[in-house]
2 protein chains.
Amino acid sequence: MARNTPENELIRRIRAVGPKPTSRNFGMRLGIGDDAALLTPRPGYETILTCDWSLEETHFLRDKHPADSIGWKCLARAVSDVAAMGGEPRCFLMSLALPRDLTGSWLSEFLGGLRRASRELHCPLAGGDTTRHSKVLINITVVGEVRAGRAVLRSGARPGDMLCVSGRLGEADLGLQRLRSQNRISKNDPALKKHLYPEPRIALGRWLADNRIATAMMDLSDGLSTDLPRLCAASKVGTHLNAASIPTVRIPSRHGARNIDSLSLALNGGDDYELLFTVSPGKARRLPPTFQGVPLTAIGEITRDRHLTMLHLDGHEANLRPAGWDPFKKQ
Amino acid sequence: MARNTPENELIRRIRAVGPKPTSRNFGMRLGIGDDAALLTPRPGYETILTCDWSLEETHFLRDKHPADSIGWKCLARAVSDVAAMGGEPRCFLMSLALPRDLTGSWLSEFLGGLRRASRELHCPLAGGDTTRHSKVLINITVVGEVRAGRAVLRSGARPGDMLCVSGRLGEADLGLQRLRSQNRISKNDPALKKHLYPEPRIALGRWLADNRIATAMMDLSDGLSTDLPRLCAASKVGTHLNAASIPTVRIPSRHGARNIDSLSLALNGGDDYELLFTVSPGKARRLPPTFQGVPLTAIGEITRDRHLTMLHLDGHEANLRPAGWDPFKKQ
């Protein structure tokens, strides 16, 4: 009888994203369908908690972004915060609000992308809340775990530490610009992959934490120029960046005409979900040039002096200005 | 330097809702200001996870509901799910999206109500996400704890169990109708209290769980006629309700003219956040008539036959029809 209301029917479809009752259930005693989910904590571990908005118009455009990518990315973004602490995801809750006309094929495609992310990132759905709204609203809470005492915070950077990043910066923003300029997009276009299907650096984050390589860490979601000041403020330090070292993307010639500068993209482009971390001088030699195929690059040094400066390509030095993504900034 | 961007300034104001660094911090190693929050689980306990939307237009009206009440209620609603498992809240995450023009006094009043709920319900803010949107969007995740093996699920009701509720049903919906009919409201109006400032039944839920009194439990958020079928479906049972036993509200005479029926309010009114629970016949005598001043009332019996029926006041018997709140129902 309870199955016949529209809300119950929607919950039934979403529940299919969760683990099968017979599968290994990661210690989840209870998934969707009760007032709340129950989880048995792993002894010797701390619990990591993080939540992330994915909102139509703010974070994605319904007529541009494939529903499948929205499903993947909403989970991947939140899992990236767990990776940035050096932890592993354990399960997630999803709050979903939908317009009434989107409960058909759009929802199926969205749930397909979400299910794929849930499996590949080993993060099963544990519960959530659904309601109706004129816009698509998604909020994801990820629960993760990290060995007690091993979490890497933003506040651990010390003067003299080497500042490093994974991957190449600006790739996701370049993809966004390409997406905006096209009428029809293919979700398999390799230039869009980093923007549509970002991969949180779970294994790298865990390796840096377990081996006590990183002294401070965060993920790059709003752009280096906006996120780096947050790490420095938390650690009460400054930094000196070397522009020539920052791993940028090559901009295809057809983009060149529109004056896109790869360094600006790397400094101010959001959504990369690469890791920004610091390494003490004594451990610098333990850092490999790549980790599972992802380049690791030293881009500067942490300073006692709390200024944030950058040595530009032409040899002049200037203060770093936060110019990444800020939803409250007047545009 | 990081403090100067508008988003960082907003985070600074919200952070004031969290526990002071010097206060007892409930095992939270880290609150707002890092990628994620860290929590040390309590040995011998399971973790409870729940999340709840509070959306402008869907759950509240910005021109009718005091911002202070929106702050209180968004947290109280989610804590109610933890109470319904027999657990206690431990901390919460808040995702908040605001129009740019609401970051002044509206936000201060909202955070005031939220802070009061956080203190009275012993549930400190651990983290969250903020962004901009044309409507006020709130998502609350509450993390709770319950002694291992003591959580009360929806699925534990057995034929012959007594069906019980706390409090009186329909009071919040009556308050909503009063709120809708008035141009200026006072947030201190006692008739509006249950609608504006609901109190999750944490102590009662915990008592019912710790003493193994309740066999199944849930909170009433969408109305008895919609929520009861969910409990019965989870337990694979039916129920026989007695309309004469349902604790209803007295409708003031000025409402009477508009044909409001107190039984319909009790069956279909949402937002009461009372507990609906079942008790095995052998434990029925252990149930007091009131718990900390809140009446506890037997309203029917659980049946093996999976139908949901009700004995009406005039002596006829009929099927119970789900007519509570369903955001996806065509209205």
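Modeller: In this predicted model, helix H4 (residues 171-181) of chain A has A:Glu171, A:Ala172, A:Asp173, A:Leu174, A:Gly175, A:Leu176 and A:Leu179 buried, where buried means that 20 or more other C-beta atoms, placed from the backbone, lie within 10 Å of the residue's own. Helices (H or I, at least four residues) and strands (E, at least two) are DSSP runs, numbered from the N terminus.

Colleague: What covers the buried residues of H4(A)?

Modeller: The cover includes helix H5 (193-196) and helix H9 (262-268) of chain A.

Colleague: And how are the numbers and letters assigned?

Modeller: Residues count from 1 along each chain as its sequence is written, while chains are lettered from A and ligands numbered from 1 in the order in which they are written. Because this is a predicted model, local features need pLDDT of at least 70 and side-chain atom pairs count only at pLDDT 80 or more, whereas totals for chains, interfaces and linings use all residues.

Colleague: What pLDDT does chain A average?

Modeller: Chain A averages 90, with 92% of the residues at 70 or above; pLDDT is the predictor's confidence in each residue, from 0 to 100.

Colleague: New topic: which strand of chain B pairs with E2 of chain A?

Modeller: Strand E2 (residues 37-39) of chain A pairs with E3(B) in the antiparallel sense over three bridges, and pairing requires that DSSP finds at least two bridges between the strands. Within that pairing, A:Leu39 stands opposite B:Thr47.

Colleague: How confident is the predictor in the complex?

Modeller: The predictor gives the complex an ipTM of 0.91 and a pTM of 0.92.

Conventions: Buried ≥ 20, exposed ≤ 12 C-beta atoms within 10 Å, placed from the backbone. Contact = placed C-beta atoms within 7 Å.
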